[in-house]
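These are my notebook entries on a single chain. I set down in turn what I looked up.

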Amino acid sequence: MATLKASEIGIAKLRHCQELSGKSWDDVAEESRVVRSSIFKLLGGNGATKEVVNDLAKHFKLERREIVTDREWYPQWSGLSTGDLWKILWEQSREDLARFRAIKAADKPQLVREGMSTLGAIQYRRSIPRENHFLLNEEIVYCVDVQNEGHLVLLEREPNGSIVCLSPSEFVRQNRLSVGLSILPQVDNPLNLAAFGATELGREELIACLLPKVPAVAEFGWLETSREQALVLGVEELVSVLGGVVEGLHAHLWKLSYEVVNHG
């Protein structure tokens, strides 16, 4: 049976929890119903089964990610590129233009004035079936309508293949969204940016992940880094998002795409 190694942070956290409990590892083994030798193998960096990790996490009221990273938990993704991981995420997402949509910044005042129902009425042109298109250098805003409060992680795949976290970022510092319509970038962003620019020709893809609670720092610590400046994501970050999708961490997963063109 395959075994998993705990991270250094995870081992330290387990030891800290045991010390706080005031109980011996023998007591922990008995109460968690985990074989003592398996606990010490995990603490010694020799690995343990998923069942052992899950049982210890439950016993100490930790998230599994605080003990074993997603990259270790899902070895089938370890050899994949960012493009491969994005494709898997894209396939897991659904398109819902009434909930997640890109519109011209010029249409924003009407949307703010009349409400989210206006979003479906705003006309847009299509260059490819099921895709918007915008002119090069046109100003764009993203609209997200949420039915439940949550933490928005907004990822963008640029035409050059780079994958960037737009929320949280300097454009979306407060990524905990209330119920209703949110328009991005947020008005109080430190750059005083009123809209995103369509500055690169080609296909843009975005995935919006709405998390019901703040994710574990062990796997999603990069979100705080991105809050200061939009972070270019690598395999490690995308694996953490994909792991959350597989485990049902995300309440919603939406996608949209559009083409940036030279002329209409």
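**Entry 1: Gln 18**

I began with Gln 18 and noted that this residue is buried, with a relative accessible area of 14%; buried means under 20% relative accessible area, exposed over 50%, and partly exposed in between (1.4 Å probe, protein chains only). Gln 18 belongs to helix H1 (residues 8-21); helices (H or I, at least four residues) and strands (E, at least two) are DSSP runs, numbered from the N terminus. Leaving out residues up to four places away in sequence, I found that Gln 18 touches Lys 23, Ser 24, Trp 25, Val 28 and Phe 60, where contact means heavy atoms within 4.5 Å.

**Entry 2: the model**

I recorded that this is a predicted model, in which local features need pLDDT of at least 70 and side-chain atom pairs count only at pLDDT 80 or more, while totals for chains, interfaces and linings use all residues. Residues are numbered from 1 along each chain as its sequence is written, and side-chain values use heavy atoms, with hydrogens and water left out. The average pLDDT of the chain is 87, and 89% of the residues score at least 70; pLDDT is the predictor's confidence in each residue, from 0 to 100. Over residues 124-131 the pLDDT is below 50, although this stretch has 17 contacts in the model beyond near neighbours in sequence. Where pLDDT is low, the predicted coordinates should not be read in detail.

**Entry 3: the whole chain**

I noted 10 helices and 11 strands in the chain. Of its 264 residues, 50% are buried. Among contacts between residues at least 6 apart in sequence, 76% join residues at least 24 apart.

**Entry 4: helix H10**

I checked the length of helix H10 (residues 235-246): at 1.5 Å a residue, its 12 residues should span 16 Å, and its end C-alpha atoms are 16 Å apart, which agrees. The expected span is 1.5 Å times one less than the number of residues. H10 is mostly covered, with 10 of its 12 residues buried, including Glu 237 and Ser 240.

**Entry 5: the backbone in loops**

I looked up two cis peptide bonds. One joins Ser 167 and Pro 168, with omega about 0°; the other joins Leu 184 and Pro 185, with omega about 10°. Pro 185 lies in the loop between strand E8 (180-184) and E9. Asn 192 is found in the loop between E8 and E9, and this residue has a positive phi of about 55° although it is not a glycine. Asn 192 is exposed, with a relative accessible area of 66%.
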